[in-house]
Amino acid sequence: MSKLERFPFPEVLDSSMMSSFRSCPRKWALEYGLHYKPVTTSVHLHAGGAYAKGLEKAREAYFQHNLPADQARAQGMKALFESYGDFQCPSDSAKSLERMAGALEFYFERYPLETDPAVPITLPGGQRGIEFSFAEPLEINNPETGNPILYCGRMDTIVNYAGSVFGEDDKTTSSLGASWPRQWDLRSQFTGYTWGAGKAGIPLQGFLVRGISILKTKYDTMEAITYRPAWQVERWYEQLHRDIERMMRMWNEGYFDYSLDAACNEYGGCVFRQACISKDPQPWLNNGFIKKRWNPLTRTEDEVSGSI
């Protein structure tokens, strides 16, 4: 039995962490318990983060600071360039700095700030619903501290759209098709966001999801609306607690189950695939990874030095 070294049980969880656990508990333990992260940065994560930063800053400039649309877009573009930095995009990827900048321009051509029907709501205190964050206690306690475990999230925008209040989320992808809108109907990420917004006194009808496909020669876009009735949120909440209880059982035992199935090859292959192929995974972990702790509250990673 391949047990893992003991690590502190997380006090805060988010949709990324829960998705990792449901996909493969062993992957979750290596990634979020022992904090192993690949030495090389994923172009998809890096480029997507820069694109999201550009959207955020443009919206803040226009809706929060009342700048003209052209100036707001310029601030968004500046933020994208700064966030992308000197990252070297692989030659076979379409997500270069130039193409990501083009994607941001394409987005605002299709969804102009001045006429976009999805308008960020105004929150109590006057702030707009851009990059809305929440952190709420669950009905399950941390096995070490005894404190309630927090579930947190940060959504791109909360908007008034089609006469109702929706969460809005922006996705980048390589392709859009008939199946793309259907994938969001059971996505726990959006159900959890709906729960978190509701705890803050902002009932959501569901989510408006906007996808931008980025290829080397063209862009495309598609919208999807996915609803979250109360019974779905309640079911998600119950399942979340069941999953955390299963997580705790594995943590107490020190053994985290392997998936050994489709999850090993999803999204181009799990980053721990080579380690799991090997009888002794530790040399692969030592040489191919560094330790960075994911902070779900700030959505940042900090290098880990010494013991965890």
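Contact here means heavy atoms within 4.5 Å. The model is predicted.

Thr-221 lies in strand β8, which spans residues 219–227. Beyond its neighbours within four places in sequence, Thr-221 is in contact with Phe-106, Arg-110, Tyr-111, Leu-176, Gly-211 and Ile-212. The side chain of Thr-221 makes a polar contact with the side chain of Tyr-111, at 2.7 Å. It also reaches the backbone oxygen of Gly-211, at 2.9 Å. Thr-221 has a relative accessibility of 15% and therefore counts as buried, since the cut-off for buried is under 20%.

Gln-232 is placed in helix α7, residues 230–253. Its relative accessible area is 15%, so Gln-232 is buried. Leaving aside neighbours within four places in sequence, Gln-232 is in contact with Asp-185, Thr-191 and Tyr-227. Ala-69 is 163 residues from Gln-232 along the chain, and the C-alpha atoms of the two are separated by 38 Å.

Two packed helices are described by the angle between their axes and the distance between the axes. Helix α1 covers residues 15–23 and helix α2 covers residues 25–33. Their axes come within 6 Å and cross at roughly 140 degrees. That angle makes α1 oblique to α2, because only angles over 145 degrees count as roughly antiparallel. From α1, the contact is made by Ser-16, Met-17, Ser-20 and Phe-21. From α2, Pro-25, Lys-27, Trp-28, Glu-31 and Tyr-32 take part. By class, this contact of α1 with α2 has 5 nonpolar, 2 polar and 2 charged residues.

How values were computed: Residues numbered from 1 in each chain as written. Predicted model: local features only at pLDDT ≥ 70, side-chain atom pairs only at ≥ 80, totals over all residues. Heavy atoms only, no water. Axes fitted to C-alpha atoms, helices over the stretch in contact; angles between N-to-C directions. Helix = DSSP H or I, 4+ residues; strand = E, 2+ residues; numbered from the N terminus. Parallel < 35°, antiparallel > 145°, perpendicular 65-115°, else oblique. Nonpolar A, V, L, I, M, F, W, Y, C, P; charged D, E, K, R; others polar. Buried < 20%, exposed > 50% of the residue type's maximum accessible area, 1.4 Å probe, protein only. Polar contact = N/O pair within 3.5 Å; in protein donor to acceptor, adjacent residues only side chain to side chain.
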